[in-house]
Amino acid sequence: MGHGHGHGPPYKVPDASIYKVADAPELVEVERALARRGLKDPWLRNEVWRYNVKQFSTHRSRLVTFLFKGFPLGFAAFVATIGLEYALGVDYHGGHGHGGNGHGHGDEKGHGSGHH
(Lines give C-alpha, C1' and ligand atoms only; values in the text may rest on other atoms or scores of the structure.)
Protein backbone atom coordinates (compact mmCIF):
# COMPACT_ATOMS: atom_id res chain seq x y z
CA MET A 1 0.00 0.00 0.00
CA GLY A 2 1.34 3.38 -0.98
CA HIS A 3 4.67 2.05 -2.27
CA GLY A 4 3.53 1.19 -5.81
CA HIS A 5 3.56 4.75 -7.13
CA GLY A 6 7.29 5.33 -6.89
CA HIS A 7 6.90 7.83 -4.09
CA GLY A 8 9.05 7.74 -0.99
CA PRO A 9 8.21 9.09 2.43
CA PRO A 10 6.80 12.63 2.43
CA TYR A 11 9.79 13.82 4.45
CA LYS A 12 13.33 12.77 5.26
CA VAL A 13 14.05 11.98 8.87
CA PRO A 14 17.51 13.27 9.75
CA ASP A 15 19.96 10.99 11.51
CA ALA A 16 19.94 11.53 15.29
CA SER A 17 23.73 11.87 15.32
CA ILE A 18 23.47 15.37 13.79
CA TYR A 19 21.97 16.67 17.02
CA LYS A 20 24.28 17.50 19.92
CA VAL A 21 23.05 18.51 23.37
CA ALA A 22 25.86 21.08 23.44
CA ASP A 23 24.06 22.96 20.62
CA ALA A 24 21.12 23.77 22.91
CA PRO A 25 22.17 25.77 26.01
CA GLU A 26 18.81 25.03 27.68
CA LEU A 27 19.41 21.30 27.40
CA VAL A 28 23.00 21.62 28.58
CA GLU A 29 21.58 23.00 31.81
CA VAL A 30 19.12 20.09 32.04
CA GLU A 31 22.00 17.67 31.49
CA ARG A 32 24.00 19.34 34.29
CA ALA A 33 21.02 19.27 36.67
CA LEU A 34 20.55 15.55 36.01
CA ALA A 35 24.27 14.91 36.49
CA ARG A 36 24.15 16.62 39.91
CA ARG A 37 21.63 13.97 40.93
CA GLY A 38 23.65 11.18 39.37
CA LEU A 39 21.27 10.77 36.46
CA LYS A 40 21.67 10.82 32.69
CA ASP A 41 19.05 11.09 29.95
CA PRO A 42 20.17 9.13 26.89
CA TRP A 43 17.26 10.55 24.88
CA LEU A 44 17.98 14.20 25.63
CA ARG A 45 19.48 14.85 22.21
CA ASN A 46 16.12 13.95 20.67
CA GLU A 47 14.88 17.29 21.98
CA VAL A 48 17.68 19.40 20.48
CA TRP A 49 15.71 20.15 17.30
CA ARG A 50 13.13 22.02 19.35
CA TYR A 51 15.77 24.58 20.28
CA ASN A 52 17.04 25.12 16.72
CA VAL A 53 15.55 28.59 16.28
CA LYS A 54 16.82 29.00 12.71
CA GLN A 55 15.05 25.90 11.45
CA PHE A 56 11.99 25.59 13.70
CA SER A 57 11.68 29.10 15.18
CA THR A 58 10.85 29.53 18.88
CA HIS A 59 8.38 27.58 21.00
CA ARG A 60 6.26 30.71 21.38
CA SER A 61 6.06 31.39 17.64
CA ARG A 62 5.20 27.74 16.95
CA LEU A 63 2.43 27.97 19.54
CA VAL A 64 1.06 31.21 18.05
CA THR A 65 1.14 29.64 14.58
CA PHE A 66 -0.67 26.56 15.88
CA LEU A 67 -3.37 28.56 17.70
CA PHE A 68 -4.09 31.04 14.91
CA LYS A 69 -3.50 28.85 11.85
CA GLY A 70 -7.17 28.76 10.86
CA PHE A 71 -8.05 32.28 11.98
CA PRO A 72 -8.18 33.91 8.49
CA LEU A 73 -10.47 31.17 7.13
CA GLY A 74 -12.64 31.25 10.25
CA PHE A 75 -12.95 35.02 10.13
CA ALA A 76 -13.87 34.90 6.43
CA ALA A 77 -16.57 32.31 7.23
CA PHE A 78 -17.86 34.56 10.03
CA VAL A 79 -18.09 37.58 7.72
CA ALA A 80 -19.79 35.47 5.02
CA THR A 81 -22.33 34.19 7.56
CA ILE A 82 -23.15 37.71 8.74
CA GLY A 83 -23.50 38.88 5.13
CA LEU A 84 -25.74 35.95 4.23
CA GLU A 85 -27.95 36.49 7.27
CA TYR A 86 -28.25 40.17 6.39
CA ALA A 87 -29.08 39.36 2.75
CA LEU A 88 -31.74 36.83 3.78
CA GLY A 89 -33.23 39.18 6.36
CA VAL A 90 -32.47 36.99 9.37
CA ASP A 91 -33.31 38.99 12.50
CA TYR A 92 -32.69 37.52 15.93
CA HIS A 93 -34.12 40.55 17.77
CA GLY A 94 -37.31 41.08 15.76
CA GLY A 95 -40.99 40.50 16.39
CA HIS A 96 -40.88 36.70 16.64
CA GLY A 97 -38.66 36.50 19.63
CA HIS A 98 -39.34 37.28 23.24
CA GLY A 99 -43.07 37.94 23.60
CA GLY A 100 -43.54 39.93 20.39
CA ASN A 101 -45.94 37.48 18.72
CA GLY A 102 -48.64 37.25 21.36
CA HIS A 103 -47.57 33.84 22.63
CA GLY A 104 -45.34 35.15 25.34
CA HIS A 105 -45.76 36.36 28.88
CA GLY A 106 -49.04 37.77 30.13
CA ASP A 107 -51.14 37.05 27.03
CA GLU A 108 -53.87 34.57 27.92
CA LYS A 109 -56.16 34.92 24.86
CA GLY A 110 -57.38 31.49 23.75
CA HIS A 111 -54.80 29.56 25.73
CA GLY A 112 -56.68 27.98 28.57
CA SER A 113 -57.71 31.18 30.27
CA GLY A 114 -60.65 29.52 32.00
CA HIS A 115 -63.35 30.17 29.35
CA HIS A 116 -65.49 27.07 28.78
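1. The largest nonpolar core has seven members: Tyr19, Val21, Ala24, Leu27, Val28, Leu44 and Val48. Such a core is a set of buried Ala, Val, Leu, Ile, Met, Phe, Trp, Tyr and Cys residues joined through side-chain atoms within 4.5 Å; buried means under 20% relative accessible area, exposed over 50%, partly exposed in between (1.4 Å probe, protein chains only). Leaving out residues up to four places away in sequence, Val21 touches Leu27, Val28, Glu31, Leu44, Arg45 and Val48 (contact: heavy atoms within 4.5 Å).

2. Before going further, please keep in mind that this is a predicted model: local features need pLDDT of at least 70, side-chain atom pairs count only at pLDDT 80 or more, and totals for chains, interfaces and linings use all residues. Residues are numbered from 1 along each chain as its sequence is written, and side-chain values use heavy atoms, with hydrogens and water left out.

3. The structure holds two salt bridges (a side-chain nitrogen of Lys or Arg within 4 Å of a carboxyl oxygen of Asp or Glu). Glu29 pairs with Arg32 at 4.0 Å, N to O, and with Arg36 at 3.4 Å between the closest N and O atoms. Arg36 counts as exposed, at 61% relative accessibility. Through shared partners, the salt bridges join Glu29, Arg32 and Arg36 into one network.

4. The UniProt annotation "transmembrane region", from an unreviewed entry, covers residues 63-84; annotations of this kind may be inferred rather than shown by experiment, and positions are given in the numbering used here, with feature names shortened. Over residues 63-84 the chain is 91% helix and 0% strand (helices are DSSP runs of H or I, at least four residues, and strands of E, at least two, numbered from the N terminus).
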